[in-house]
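I opened this notebook to record what I looked up in the structure. The entries follow the order in which I worked.

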Protein chains: 2
Amino acid sequence: MNARRPATLASLAAELGVSRTTVSNAYNRPDQLSPELRKRVLDTARRLGYPGPDPVARSLRTRKAGAVGLLLTENLSYAFRDPGAVVFLEGLALACEDAGHGLLLVPASPEREDVAAVHRAGVDGFVVYSVPDDDPHLAAVMERPVPVVICDQPNLESIDRVGIDDSHAIKTMAEHLINLGHRRIGVSCMRLARGRNDGIASVQRQANASFHVQKARLTALAEAFSEVGVDWEQVPVVERFDHTTASGASAVNQLLEMDPEITAVVCTSDILALGALDEVRERGRRVPEDLTITGFDGIVEAERAGLTTVRQPILEKGRAAGRLLLDTSEPGRPREVRLETQLVTGTTAASPRSVEERWFGF
Amino acid sequence: MNARRPATLASLAAELGVSRTTVSNAYNRPDQLSPELRKRVLDTARRLGYPGPDPVARSLRTRKAGAVGLLLTENLSYAFRDPGAVVFLEGLALACEDAGHGLLLVPASPEREDVAAVHRAGVDGFVVYSVPDDDPHLAAVMERPVPVVICDQPNLESIDRVGIDDSHAIKTMAEHLINLGHRRIGVSCMRLARGRNDGIASVQRQANASFHVQKARLTALAEAFSEVGVDWEQVPVVERFDHTTASGASAVNQLLEMDPEITAVVCTSDILALGALDEVRERGRRVPEDLTITGFDGIVEAERAGLTTVRQPILEKGRAAGRLLLDTSEPGRPREVRLETQLVTGTTAASPRSVEERWFGF
DNA sequence: TTGAAAGCGCTAACAG
DNA sequence: CTGTTAGCGCTTTCAA
């Protein structure tokens, strides 16, 4: 049992004294041969330990792998550590499941530039989840002669895409804060480029960001606040490479150091915001009384914490990406799915208190 | 760009006037040809839109897919909804990553018996995560001539395995409860067989359970409590098919209905326990004052809730499974990795109060 | 219903 | 350093 390379379709056919076609049909086209013969074939197969047609050989012949490849910026394992990514995966898995396809997670470390894994992947198409414009893995994916769907970023012409209107989404948040009276803010954002930079993100760096989504959000924030007279050049923006709550914590500290007078910290993700929230409270400041903190994504952890944030339908993004990829009818590519977002008014944003209030309490 | 089936290694070779070997070497053995020639090959490839060697054809030839398959009991998407499963996946992904292998999630619904996906999977081996003894998908996996590692269950001779000592683990919990003075308990457990059964699990059903892990835990509980004079036949045990907090909630209700006098509810998973915890508190009972509730697994949500539980190293299980599978040296199979567990004394278990105390408070 | 012929696209000896 | 020879194991017209 479980012997190596025991029998092939050909050897089975020989053993039975029938043609390979017949054996193949026994497995793939039951209606193409008599039930008795089929049974005989299958029985003999069992006896010989023939495990059925080799999937790789079959794939080569049929040009179908029955699997979807997923490429993401991060280490494979990261996908399971980030709540947003997990939900995206769930949605994608749902779509794959429906189509009877497997989901292949392609190992693509952001550090190591090992594109080989992309070349090795036996898949019928790729879903690319939120990678930078200049990602070499993405380039490798694009070379493969299979359909590709990109989620979130980058924003390539001629490629199917699913995402949200980041600019609009964060503007609803900006307006919310502006209406509350905030004019002096700080921004905590995610990685802006492939190179690690944990610190200030200059206006220059913001403009050159290779992560389209982050760039769009920063740009929209700048626009919205500029309109009410804020000089964006003066707004402290800090960037963190790792997407963790620890990053969120250190980022908020840096912001507060750069400008202790800020009344609100806008985070471009819930993870960063949750990290900031914990840190700030731990250091004795009250949220939202002393400081407003907002997030982006709408993950369940954020909801649980009462975070004021922007909710995007992450599960739907995954599902839509999978469907788009697996949809055989091709009604004019490139296609685009743009999902709706929604401002979630939690308990971490309030009007800034006047300086007197801050010093003297109520 | 992105044209269909544009060029093959052979056509490239013809175009260049060299042999296929040379082109192959250009990709796979850079040291086997002059840098100039290699460059010429690669340049021409780019010009012709040749995407590099076809991964499937290569796999067929080399008999390596560069991916490991994962089979689990549940729908693919479930894997991302269950915190324990997510952590397991993370560990497995870590191991795959290290080896540069992809991770293929094989769609295997517990309801639909579609084994085809297992046959289609182009992988170098399978990790099987916690499936019942009689799972048809498992049977299909076993037929494939590739290495297999089983995690948790079932407990097959001749197959590499990673798991914990379930019997010992839950006994530490049983002893803890017994020491606290509990003698009248109820048990909430997970699915015992492939068929859906949301309700009482008779002693008979417990004995016939096809999920080895659950069975081991129940058996060990029965032993431990029998030793102190408890008649296991009288202990209410309820089973839930879906592994959700909602199941945990309904299960605890059913237990309390069956025997309002129980002082502790032992759950065989943290998810069930957390569901029970919420439900019981919502209905006005205090935990642990009025009722003790315990879990199993040690997921972070449990820790956060202060659940008294048994922690098992889930991440390590995933990683160990991956390593075992990918470990090329084969020092005498079948091998087994047995991980340690640890009783976590949280705040949801305490000594049962006497009846008087219950009625009259302190 | 069954069989014969013709590759799918590639790599791995081995010989030059 | 380069080419020749032989398949990997299967499916699929097409004809019998």
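Predicted model: local features only at pLDDT ≥ 70, side-chain atom pairs only at ≥ 80, totals over all residues.

Entry 1. Residues are numbered from 1 along each chain as its sequence is written, chains are lettered from A and ligands numbered from 1 in the order in which they are written, and side-chain values use heavy atoms, with hydrogens and water left out.

**Entry 2. L42(A).** I located L42(A) in helix α3 (residues 35–48) of chain A; helices (H or I, at least four residues) and strands (E, at least two) are DSSP runs, numbered from the N terminus. With neighbours within four places in sequence set aside, L42(A) is in contact with A26(A) and Y27(A), where contact means heavy atoms within 4.5 Å. From L42(A) to E74(A) I read 32 residues in sequence and 45 Å in space, C-alpha to C-alpha.

**Entry 3. The interface of chains A and B.** I counted contacts next: 45 residues of chain A touch 46 residues of chain B. The two chains bury about 4,400 Å² between them, with 59% of it on carbon and sulfur atoms; buried area is the accessible area (1.4 Å probe) that two parts lose on being put together, summed over both. Of the area that chain A buries against chain B, F80(A), E97(A) and P145(A) supply 15%, more than any other three residues.

I asked how many salt bridges lie between chain A and chain B. The count is four, a salt bridge being a side-chain nitrogen of Lys or Arg within 4 Å of a carboxyl oxygen of Asp or Glu. One joins R81(A) and E90(B), at 2.8 Å from N to O.

On the side of chain A that touches chain B, α4 (55–62), α5 (83–99), β2 (102–105), α6 (116–120) and α7 (136–143) of chain A each supply at least two residues. The largest share, six residues, comes from α5(A).

I also checked strand pairing, which requires that DSSP find at least two bridges between two strands. β2(A) and strand β2 (residues 102–105) of chain B run antiparallel and are joined by three bridges. Within this pair, L104(A) has L104(B) as its bridge partner.

**Entry 4. A sheet in chain A.** I traced an open sheet of five strands in chain A, in the order β7-β8-β6-β9-β10 and with mixed pairing. Its edge strands are β7 (199–200) and β10 (292–294) of chain A, each pairing on one side only. Two bridges link β7(A) to strand β8 (residues 237–240) of chain A, and these strands run antiparallel. Opposite G199(A) I found E239(A) in β8(A).

**Entry 5. A salt bridge within chain A.** D160(A) and R335(A) form a salt bridge, with the closest N and O atoms 2.9 Å apart. D160(A) lies in strand β5 (residues 160–164) and R335(A) in the loop between α14 (314–326) and β12 (336–339) of chain A, so the pair ties together parts that are 175 residues apart in sequence.

**Entry 6. Backbone.** Most residues other than glycine have a negative phi, and most peptide bonds are trans. I noted a cis peptide bond between V287(A) and P288(A), with omega about 10°. D152(A), not a glycine, has a positive phi of about 75°.
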